[in-house]
Amino acid sequence: MASDATTDTTTRRDFLYVATGALGAVGTAAAVWPLIDQMNPDASTLALSTIEVDLRPIMVGESITVMWRGQPIFIRHRTEDDIAQAKAVPLEELKDPATDAERVTEGYEQWLVQIGICTHLGCVPTGQKSGSNRGDYGGWFCPCHGSHYDTAGRIRKGPAPLNLVLPDYRFLSDTLIKIG
Amino acid sequence: MSGNSSYNPTNPVAKWLDSRLPIMRFSKEHLLDFPTPKNLNYWWTFGAILAFILVVQIATGVVLAMNYVPDSSLAFDSVENIRRNVNYGRIIQATHAVGASMFFAAVYVHIGRGLYYGSYKEPREVLWILGVVIFVLMMATAFMGYVLPWGQMSFWAATVITNIFSAIPLIGDPLLQLLRGGFAVDNPTLNRFFSLHYLLPFVIAAVVVLHIWALHVPGNNNPVGVEVKSSRDTVPFHPYITMKDLLAIVVFLIPFAWFVFFAPDILGHPDNYKPADPLITPPHIVPEWYFLPFYAILRAIDFDMWFISAKLGGVIFFGGSILVLFFVPWLDGSKTRSGTFRPLFKPFYWLFIFNFFLLTYLGAQLAVEPYSTLSKIATAYYFAYFLIILPIVSRIETPKPLPASISESVLGKSGS
Amino acid sequence: MNKMNRFFKSVLLAVGLGVSGSMLAAPAKAVVVIEAELQDWSFGGIFGRYDKNQLQRGFQVFQQSCAACHGAKQISFRNLSEEGGPAFSESQVKALAAEYTIIDPELEEGERPATPADNWPDPFPTIKDARAANNGAVPPDFSVLAKARGISQKFPAWALNYFTGYQEGGADYIYNLLVNFKDAPEGVDVLPGQYWNAYYGGTLAMASPLFDGMIDYEGDFPETVEQYALDVAAFMMWMAEPQLNSRKQMGFQVLVFLFVLTGLMIAVKRKLWSKVEH
């Protein structure tokens with residue numbers, strides 16, 4: 001059909017076109033990426049993605065709420081009673097089975113740190129301030145649709161499917177935690 | 001253009017669509033097959049370059065608006081936040097700011113090409129007028145965009161330029177308040193400028209569509225200015241012109257990138273890194289470089305003429321310097337389009353180009369001698385070129401003989 | 001005819017350049033009485049990058065001399081540990097931040113120690129306080145000051161800047177200002193609370209903020225006003241343009257890419273058009 005010479009030039013030309021097109025496509029993609037990436041959290045937001053919380057001011061039985069990544073974090077200094085109560089619950093009674101030990105850090109079982117957002121539809125449960133409704137199990141109560149959480153933040157009654165979510169955190173010292 | 005409908009879909013879906021919305025047919029005719037003179041030189045690529053920059057400006061502008069806060073107490077800091085904290089913010093912001101300069105650099109070349117090759121002449125008058133409309137919209141957009149960072153130059157540019165409207169007799173002062181939304185440039189001004197700065201680029205895009213429509217009725221002008229006579233004179237738009245335009249865009253990106261990455265602030269003014277302060281006017285207010293020629297014309301009228309005050313006179317000449325462009329198709333009566341074949345026209349044209357650079361330079365100088373006198377001379381030549389020289393030259397000039405067709409002119413070139 | 005035209009054009013161009021050249025040489029304004037001495041900045045030109053050690057010294061000068069009156073509200077403490085900046089270690093920055101107090105009306109105590117995520121706190125709570133403490137003048141914020149200043153240059157120096165990418169006018173201005181606090185020339189009355197600056201060509205509400213030996217440098221850098229001025233000017237340039245290093249780095253990648261693509265595009269275009277006589 002075509003002579004060798006023609007085939008040769010055709011191939012070379014095709015290669016040139018394909019290479020140029022590919023490079024152009026790569027360049028376009030590289031130029032478009034910053035326009036998309038600028039929508040990601042900016043440097044000042046990322047700088048707040050980890051926080052340190054000093055636990056010293058929290059007395060036994062008290063709770064505090066801190067903001068982390070725009071969400072409330074519940075930190076409760078649990079009493080001996082709270083812990084005993086949580087440990088006594090048989091796993092088969094739980095909707096989302098988890099032992100008390102799985103909910104806290106080993107050696108710091110008086111400290112319960114959780115994201116204070118109901119796993120049902122995202123309301124913030126009550127029970128942080130002393131005197132506010134802690135539900136039927138002494139933990140937290142979500143007023144939106146009546147979910148009850150126990151002293152380990154596990155779902156016990158109501159529509160919520162899961163226990164309160166635990167954020168990533170670790171103890172830097174006995175009284176200082178780093179969340180995130 | 002018609003007679004080049006080579007779109008014959010065989011695919012049933014394509015046929016179905018074609019009988020309902022012939023968008024594929026339209027695209028093929030106007031974006032792929034469109035017959036384009038084969039002798040277009042690189043000055044003709046600036047149309048594509050401009051379309052490209054418009055896309056760049058809209059894309060970067062939309063994402064900047066995701067991070068910018070149009071509030072007089074927050075605007076300056078929000079722009080600084082974009083530069084410092086937003087991912088790639090410094091590059092996006094620099095691209096948008098440098099892009100405005102690149103836009104005007106390209107549009108001046110585009111207009112200059114039109115003036116040299118007589119691209120405004122019959123039957124392309126509407127094409128030219130739409131181009132001038134785009135230019136006016138660009139100036140408005142760029143001016144309002146410059147106000148948004150709310151630096152000292154932003155603020156005082158807004159003050160000085162809106163004050164231009166106060167020169168209009170009778171309605172001047174109420175109009176000024178209407179434009180500013182207050183008794184001075186302030187938060188309401190910033191808010192409306194942001195709104196309009198976001199809107200106008202889309203208006204520009206719409207007028208660009210009309211501009212291209214008006215181009216595709218008579219087809220392109222070309223360097224010899226002889227109309228297309230046969231298909232031998234043309235090449236299909238794709239791939240010939242598309243590849244040439246893409247090459248030009250890539251080359252154009254080199255100085256563009258140079259400024260963005262190595263000198264992003266050199267085209268701006270240091271004073272705009274000072275937050276706006278209504279109590280202190282910078283000692284030397286200058287607009288961005290692309291407004292300097294017109295700013296020089298505005299300032300050149302520093303004397304009263306009959307009953308017209310210097311202030312109103314400056315505004316009239318400033319407006320007139322752009323308005324006169326609308327009438328160029330009728331001011332230049334020469335039947336010969338291309339300046340290449342117009343021996344008398346040519347020196348006056350190049351003097352006009354030089355004069356335009358001179359006006360740019362003068363616009364940046366203080367209003368003292370010798371700049372004031374030079375500004376008056378340069379302003380006089382600017383208007384004389386359009387109102388006196390073009391009409392007279394076209395009457396007395398004997399143009400050189402034109403080639404019979406584009407193909408013939410090309411043959412002659414390759415022979416030499 | 002064509003030749004004549006070309007001749008006409010070149011004469012025009014020569015005359016034009018001559019005229020404009022001589023005008024450009026005229027001083028634009030007589031505010032600055034002495035010429036700025038341009039410094040050889042490590043971050044100058046397209047290959048220039050910040051010198052981490054210089055920025056660390058500059059930070060020392062800023063912290064120990066300038067920061068008493070001047071704020072830098074756009075700067076976060078975390079910026080001080082970022083690459084391309086002074087690049088202190090994160091623990092150094094954490095400790096540094098903790099020395100500063102952030103006013104936070106939402107807290108019961110009303111204030112808390114700063115963290116690396118906080119911005120540099122203003123030295124004065126309000127503008128009124130700043131004015132009262134400084135003889136009626138408000139010390140400008142340093143965040144972008146280095147880009148809000150520039151030097152005036154004659155032709156052709158300023159035109160060449162477009163090709164050399166000279167963006168250090170602010171640093172040069174700051175350096176020249178800081179080393180030119182001098183006795184006022186004879187016949188110039190300096191009001192109380194005002195100080196003559198020979199580079200500024202007038203009086204400022206700020207006395208010379210630097211004097212020899214006021215800041216201890218580690219290593220054997222001269223502890224002189226000139227060295228302090230250089231270092232703090234470099235630091236202020238970094239504050240104003242913190243991503244300069246990465247921006248220029250990216251610039252090289254982009255330019256190399258564009259040159260390669262240009263080469264390929266030229267080949268494509270030539271090949272395509274080789275079939276067409278044009």
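This is a predicted model: local features need pLDDT of at least 70, side-chain atom pairs count only at pLDDT 80 or more; totals for chains, interfaces and linings use all residues.
Reader: How many disulfides does the count give over all chains?
Author: The cut-off for a disulfide is 2.5 Å between two cysteine sulfur atoms. In A:Cys123 and A:Cys144 the sulfur atoms are 2.0 Å apart, and the two form a disulfide. Over all chains the count is one.

Reader: Which parts of the chain does the pair A:Cys123 and A:Cys144 link?
Author: The two cysteines form a disulfide, and the parts of the chain that the pair links are distant, 21 residues apart. A:Cys123 lies in the loop between strand S4 (111–115) and strand S5 (138–142) of chain A. A:Cys144 lies in the loop between S5 and strand S6 (147–150) of chain A.

Reader: What is the handedness of the disulfide of A:Cys123 and A:Cys144?
Author: The torsion about the S-S bond is about -100°. The disulfide is therefore left-handed.

Reader: Is A:Cys144 buried or partly exposed?
Author: Buried means under 20% relative accessible area, and exposed means over 50%. A:Cys144 has 38% relative accessibility. A:Cys144 therefore counts as partly exposed.

Reader: How do strand S8 and strand S9 of chain A pair, and over how many bridges?
Author: A hairpin of two residues joins S8(A) to S9(A). Within the pairing, A:Ser173 of chain A stands opposite A:Leu176 in S9(A). Strand S8 (residues 169–173) and strand S9 (residues 176–179) of chain A pair in the antiparallel sense, over four bridges.

Reader: How far apart are the C-alpha centres of domain 1 and domain 2 of chain A?
Author: The domain assignment of chain A places domain 1 at 1–40 and domain 2 at 46–179. Between the C-alpha centres of these domains the distance is 56 Å.

Reader: Which residue of chain B forms a salt bridge with C:Lys147?
Author: In the interface, 55 residues of chain C are in contact with 53 residues of chain B. The buried area is about 5000 Å², with 70% from carbon and sulfur atoms. The rule finds three salt bridges across this interface. In the one formed by C:Lys147, the closest N and O atoms are 3.7 Å apart, and the partner is B:Asp265.

Note on methods. Residues are numbered from 1 along each chain as its sequence is written. Chains are lettered from A and ligands numbered from 1 in the order in which they are written. Side-chain values use heavy atoms; hydrogens and water are left out. Two strands pair if DSSP finds at least two bridges between them. Domain bounds come from an automatic or database domain assignment. Buried means under 20% relative accessible area, exposed over 50%, partly exposed in between (1.4 Å probe, protein chains only). Contact means heavy atoms within 4.5 Å. Buried area is the accessible area (1.4 Å probe) that two parts lose on being put together, summed over both. A salt bridge is a side-chain nitrogen of Lys or Arg within 4 Å of a carboxyl oxygen of Asp or Glu.
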